[in-house]
Structure formats: C-alpha cells, structure tokens
Amino acid sequence: MMGPSHALSGAAAWLAGSWALDQFAYVSQTPLEVAVGTAICAGGALLPDLDMSGKVTRNQGGATVARTFGVASLFVAEVVEKFSLGVYTATKLKRDPRRDNGHRTFTHTLPFCALLAWGTTALADSYGYWAVIGIVFFMSGLALRGLFDDWAERAGWVIVTLSSAAIAWFTAANLPSDRGYPLLGLAAGVGCFVHILGDMITKNGVPILWPIPIRRRMWMMIGIPNSMAVKVGGKVEVVVLRTAFTVISLLSIGGLFVPGVLERFNLDVWASK
C-alpha cells in the first residue's frame, strides 16, 4: 500500500485498540496519551518502507517515509535498504531469487516488528523522558508525512521537521516525566505489524515468516493470490480502505471521549441548577 494508507491503518489500529482497552480492560488514557500513541503507531506503520531508498544527493525518490526529513531520512533509508539487502543475501537459500535491492525483505518480517517494539521500549526505559521526546519527534514526523501527504509534499521537509519539533515540545511540556511509557514500544510494534498486513493484501506479499524455511526458501513471500490482490494506489486502496480506516478512527475517538464529555456536561448542568 501507499504511505498515506499505511499511516491511516496504523492510526485506526491504535485508536480502535485504545477504545477496546478502555471498554473491556478498563485501561484509560488521557487525550494526550492517546494522541501520542496514535502518532507513534501511524509512524510505525510507515517505518518498514525505510527499505526503499531514493536519490540522497538530489533529495528525490524513495518511499513516502524516506522523504520525511529530507536528505537525512533519505540517507537513513539508503542505509536501511543496504542492510536489509545484506540480511537477505546472507540468509537466502538456493531457491530464493537474487535481488539487487532490499525492499520488502528484513523490515517486513515479524522479527523486525519485535525488534522495533523492544528497542523503542528499551530506549524509553533506559534513557527516560528525553528519549521519549526523541521518539515522539521522529515518529510524529513520519505520521505527519503519511497522514497529511499532500500538505507535507507542498510544505517540504523543513516544515514537517519544525512541526515534529513543535509536537515534541508540546509533549515535553505536558506529559509527566516520571514514567517509562511502555505503550510507546507497543504502539511502534503494532504499527509495523499493521504495515506488514497491509502489504500482504497487495501483489507479491511479504516474507512475514522469515527466518522459517518454507519449500527450501528462506524468504517465501506470503500473501493473497496476485489475482485477488489490492492494486497499489487503485480505487480499492484509496477509496474503500482509506474510508474504512477513517471511519474506524472517528468512531473510536467518539467512543473514547464522547461519553466523558457528555458526563461532564450533564454534571455541569446539574451543578448549575
């Protein structure tokens, strides 16, 4: 899928999950905590495509996520793409085809999802509050680039970077500093997993089961038949799926916050009488 669809799917997954936790596990979050978790999950849902690099010196090409912070993120994408290709080359079996790029390889696997979730949690736990701010800055930049793709394309990477810094500053000013924020790692991992699920319904699939060998192949692409696959950028993705993700997000927001607003309003009206 395209970047905006991935980001929307991540946001919808986190908001729906937050509503479910609130309803059935009685795990409540403040509006800011929900917003931060949603941004992390939306950003995480773009992160696997850092394995699609572009032209660093020209600040062109690459996946949506690779253009988030201009040349800097394009350089990171170049490194990730080469690393992913290296992992593929080092672990492939004889029946795995030869590749000259690392797209849809290591960053599209379950081990990468687990590594991302663990790494984000460990970073926040080990280095505390300021690590959380750094994570929020990076992931919110990815989320902005995906959720507001047209605006980000027009505004350019400098504005996206400044906007991410503003979000990080606001977070620093309003979130308590005495917590480890374990949900950040979960949000990043969930976003990555949702990305993989999204790519599984498009042509060619993903190697989600790596490093389990299947039919003498280490990098078996898993997905639905190509004849049934969603066309990247087609009407099903752009109209049907994005509409569904938007509706899920809005309904989840309503379920999370409307009852509290109504309750407060009723109490305020009752008190005024």
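Reply: In this predicted model, helix 2 meets helix 4 through V36, A39, I40, A42, G43 and G44. On the side of helix 4 (residues 110-147), the partners are I135, V136, M139, S140, L142, A143 and L147. By class, this contact comprises 10 nonpolar residues, three polar ones and no charged ones.

Two packed helices are described by the angle between their axes and the distance between those axes. For helix 2 and helix 4, the angle is about 65 degrees and the axes lie 7 Å apart. Helix 2 is therefore roughly perpendicular to helix 4, a description that applies to angles from 65 to 115 degrees. The crossing of helix 2 past helix 4 is left-handed.

Helix 2 also packs against helix 7 (residues 182-200), here at an angle of about 35 degrees and with the axes 7 Å apart. This crossing is right-handed. V36, G37, I40, C41 and G44 of helix 2 are in contact with L184, A187, A188, V190, G191 and C192 of helix 7. The residues of this second contact divide into eight nonpolar, three polar and no charged.

Helix 2 itself covers residues 31-44, and its 14 residues reach 20 Å from the first C-alpha to the last, close to the 20 Å expected at 1.5 Å a residue. The helix is mostly covered, with 11 of its 14 residues buried.

Most residues other than glycine have a negative phi, and most peptide bonds are trans. The peptide bond from W210 to P211, however, is cis, with omega near 10 degrees. P211 belongs to the loop between helix 7 and helix 8 (235-272). That loop also holds R216, which has a positive phi of about 60 degrees although it is not a glycine. R216 is exposed, with a relative accessible area of 63%.

R104 likewise is not a glycine and has a positive phi of about 60 degrees. R104 is located in the loop between helix 3 (71-91) and helix 4. With a relative accessible area of 13%, R104 is buried, because the value is under 20%.

Conventions: Residues numbered from 1 in each chain as written. Predicted model: local features only at pLDDT ≥ 70, side-chain atom pairs only at ≥ 80, totals over all residues. Heavy atoms only, no water. Helix = DSSP H or I, 4+ residues; strand = E, 2+ residues; numbered from the N terminus. Expected span 1.5 Å × (residues − 1). Buried < 20%, exposed > 50% of the residue type's maximum accessible area, 1.4 Å probe, protein only. Axes fitted to C-alpha atoms, helices over the stretch in contact; angles between N-to-C directions. Parallel < 35°, antiparallel > 145°, perpendicular 65-115°, else oblique. Left-handed = near helix turned anticlockwise from the far one by under 90°. Contact = heavy atoms within 4.5 Å. Nonpolar A, V, L, I, M, F, W, Y, C, P; charged D, E, K, R; others polar.
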